[in-house]
Amino acid sequence: MQHLMRQIPHRAISLLATIGIIFVVSGIVISLSWAQDTEPNPLLGGQTTIYNDTPNAFGQPVPGLEREHELLFFVGNSFFNQNWVSAPASTTARDGLGATYNSRSCAGCHFKDGRGQPPVDGAVGTGLLIRLSIPERDQITGENLPDPNYGGQLQDIALQNIAPEGQVVIEYEEITGEYPDGTAYSLRQPVYSITDLAYGDLADDVMMSPRVANQIIGLGLLEAVPEATILSFADPDDADGDGISGRPNYVWDVLAENTVLGRFGWKANQPDLLQQSAAAFNGDIGITTYVFPVENCPTIQIDCLEAQNGGSPEIDDDDLAKVELYVSTLSVPAQRDYDDPQVIAGELLFEEIGCAACHIMEMQTGEHPTIPALSNQTIRPFTDLLLHDMGEGLADNRPDFEATGTEWRTPPLWGIGLFGTVNGHTYYLHDGRACNLEEAILWHGGEGQASRDAFMNLSAEDRAALVAFLQSL
Amino acid sequence: MIKRTFFLLILLSISLSVAAQDDVETLKSEAIVTYADIVYTSYADSLETATTLNEALVAFVEAPSEETLDAAKEAWLVARDVYGQTEAYRFYGGPIDDEDGPEGQINAWPMDESYVDYVGGAADSGIINNPEDYPEITADLLISLNEEGGEENVATGYHAIEFLLWGQDLSADGAGERAYTDYTDADNAARRGEYLLVVGQLLVDDLQGLVDAWTPDGEDNYRAEFLALPADEALSNILTGIGVLAKSELAGERIFTAYDNQDQEDEHSCFSDNTHNDIIANAVGVINVYTGTYNAVDGTVVSGTAIADVVEAIDPDLNATMLDLLAIVETEVNAVYVPFDQAIILPDAREQVFTTVNALLDAGDEIVVVADALGLTIDTALPE
């Protein structure tokens, strides 16, 4: 025993040393190969990411909030979820609905803070609305002028004894095709019409744009991305010749009374979450704020103008701030299956066929002015927040500030794999026309055409891998 | 000689720490079983009290009167004190709230009462007063309408029943005062009665499902699955449930929001003014889970190795701190001014409400620390 004891240490050391060196060297080799390709990193929201793939995945606050914000988050949540009622009401904190509107609550369309869907069989309030405008612009702000009788948006619900503006009817035309490998596909092209118009004709040159409600996660992070970073992604004249020409939208900031960079909304027409939320309150629910203190009633709609309001404004500044906090601090769920070989393969393809040129994979946030937890995070939103021409097929033919009728903002892809779980549907794109992720890819035209073609030319196995990657986000 | 002793000492300390590690592992397994037993018994108690409630609802609808209405209300209040404790098992996708979980059907809140029945200023509102669109009130109908088009469009569950028994709370110093004649000669009285019976039975059916999921007599049920999980996963779920309930749901959504808005509509049981009991029941649920003890309705006590025991074995100081914080929670929730809708308005009462909020937040934060000490990361809304 003692003899053994003297010998073991000596041999053990050289054996351990050899093993140790092997480990260290292979560790270096492994991490080098990871760095060369893609780092599997499921923390889409950086340190603010949460792990949740349940139906409540989109409703969690960002970790690391200051205690006061933690608490106010819940108040913001209550305003986001609550049904507004018509004024006057015994429940005075929440009256002032309408008189015409699209939903009684934010959550009605952004159900569980998720993605809205187009209506089926004449339903209303499922999360799609129609923006309206005429080709002229406001001289000062550059905004589209509203339809004279119907305003900037069709409101398809109204208070008792008041007529809703109209109803949206969607018909789908099938577009079929085949991949080069013979696999068939089918897309549905929506055709929109408005019926039951209650306040006269729409303008002859009215422009309509359908929009579904976007998921509310990660918005504070996006707001914290420095302007310089977004602009660094832009290449309006395609100077680098890669076929991608993202450009910023410059939009009217109502409070600053100035033109600034836009980054929120399907065409990046909102500059910040405060204005976005206030505009949604006003246009979608009929609730006034200090940002938009005038009710959304076109001049011809007397009943709307004469309807009682719920105070001035109908949601006070503090409470609006809590809603802004809420929509700023909903956490991004972590990527699922990030180390699944199929997902990893899909991510490589995502880069190879050029998706990542617009759906930028990673960036840093700067200093958030009020919420430290959102500052200096490495995030993976898969967007450049810029406008891109997506071709005729997807066009709404309705310009919005600098955005043309064929341009759309690159939507963030984080969370898209959870719509099924959170919202019980898998409708994608600005009007939910794509029934799944594959269809969404097939709709990419214009600047996205090359990537779409490359996708079509992939083997079925590779296509499946790419979709699996998207599903993991 | 010295080397041999040294070697043996190393061997001894290794085997001791392995043994101690074995001890902790054993405690963990036992604590997980205790948890499953508590969950089962409390759901069984919820089912029993909901069955009694349902019987009272049937008796009421068959013969509406002050007496039968009061009996139904009483049965509802009793059932709530039990169910409230079971909310500690939410938030990790267990049977109560997985993709098909019945939580939204059982306890969705807040509720826009005008979705179900008439309210002040809108005599025709609600499913009950809409025989054109909803000629027949069935369980399938109400299930499909529940949370349809908005999270506040609640059609089923405890709070729908609450509203149907108490009506809107329109007074500052009392609960709702719905007349029993709403079920005799008021408009749509018969439909109202049908509605009450349908939601009462649905509640019982939903709770039965939870009992089946957790019964020790089940073979392939969730309990079996839960007990077969790696200990760390089960513990993570257990701690997630009580952490999120304490910190987010109870402190944030249920107490602070009402405190901040000072709006009676934001209180949890706003029709019956029973919110103070809801708060206590939720807090007791958290304490039950941590201390491995549940006081059943029949007077027996379910208990065994607790999470507390596991923590004690790893870090006695941490356990002491956790128990202290839970004791503070217990004190504060029991000191909340009654009724709650006044507690959020009267200045002195408000101060104590805010103290309660902070006590729950502190406890929730500490649960995260406990999880950390057990080598777990709780994967929800709790900040570090």
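Okay, let's start with chain B, which averages a pLDDT of 93, with 98% of its residues scoring at least 70. What we're looking at is a predicted model, and for the complex the predictor gives an ipTM of 0.80 and a pTM of 0.85.

Let's stay in chain B and talk helices. Two packed helices are described by the angle between their axes and the distance between those axes. Take H5(B), residues 158–166, and H6(B), residues 189–214: their axes come within 9 Å and cross at roughly 150°. So how do they run relative to each other, roughly parallel or roughly antiparallel? An angle over 145 degrees counts as roughly antiparallel, and therefore that's what we call H5(B) and H6(B). The crossing of H5(B) past H6(B) is left-handed.

Now, who's touching whom? On the H5(B) side you've got B:Tyr158, B:Ala160, B:Ile161 and B:Leu164, and across from them in H6(B) there's a group including B:Tyr195, B:Leu196, B:Val199 and B:Leu203. If you sort the residues of that contact by type, you get 8 nonpolar, 1 polar and 1 charged.

Further along chain B there's another helix pair to look at. H11(B), residues 316–335, packs against H13(B), residues 347–373, at an angle of about 155°, and their axes are 9 Å apart. That angle makes H11(B) roughly antiparallel to H13(B). Among the residues making this contact are B:Leu318, B:Met322, B:Leu325 and B:Val329 from H11(B), along with B:Thr355, B:Ala359, B:Ala363 and B:Val370 from H13(B). As for handedness, H11(B) passes H13(B) in a left-handed crossing.

Strands of a sheet pair through backbone hydrogen bonds, either parallel or antiparallel. In chain A, find the open sheet of 3 strands, in the order S3-S2-S7, with antiparallel pairing. Why is one side of S3(A) and of S7(A) left without a neighbour in the sheet? Because both strands stand at the edges, each with a single partner strand. S2(A), residues 128–137, is joined to S3(A) by 2 bridges.

Next, the hairpins. S5(A), residues 167–178, and S6(A), residues 184–195, pair in the antiparallel sense over 12 bridges. Within that pairing, A:Thr176 sits opposite A:Ser186. There are 5 residues between the two strands, and in the turn A:Gly182 has a positive phi of about 95°.

Then there's the hairpin of S8(A) and S9(A), which has 4 residues between its strands. S8(A) covers 249–253, S9(A) covers 258–262, and 5 bridges join them, running antiparallel. A:Tyr250 faces A:Leu261 across this pair. And which residue in the turn has a positive phi of about 50°? That one is A:Glu257.

Last stop: where the chains meet. On the chain A side, 34 residues are in contact with 31 residues of chain B. H1(A), H2(A) and H3(A) each supply at least two residues of the chain A side, and the largest share, 9 residues, comes from H2(A). By type, that side of chain A divides into 15 nonpolar, 16 polar and 3 charged.

That's my tour, thanks everyone!

Key: Residues are numbered from 1 along each chain as its sequence is written. Chains are lettered from A and ligands numbered from 1 in the order in which they are written. This is a predicted model: local features need pLDDT of at least 70, side-chain atom pairs count only at pLDDT 80 or more; totals for chains, interfaces and linings use all residues. Axes are lines fitted to C-alpha atoms, for helices over the stretch in contact, and angles run from 0 to 180 degrees between N-to-C directions. Angles under 35 degrees count as roughly parallel, over 145 as roughly antiparallel, 65 to 115 as roughly perpendicular and the rest as oblique. A crossing is left-handed if the near helix is turned anticlockwise from the far one by less than a right angle, and right-handed if clockwise. Two residues are in contact if their C-beta atoms, placed from the backbone, lie within 7 Å. Ala, Val, Leu, Ile, Met, Phe, Trp, Tyr, Cys and Pro count as nonpolar, Asp, Glu, Lys and Arg as charged, and the others, Gly among them, as polar. pLDDT is the predictor's confidence in each residue, from 0 to 100. Two strands pair if DSSP finds at least two bridges between them.
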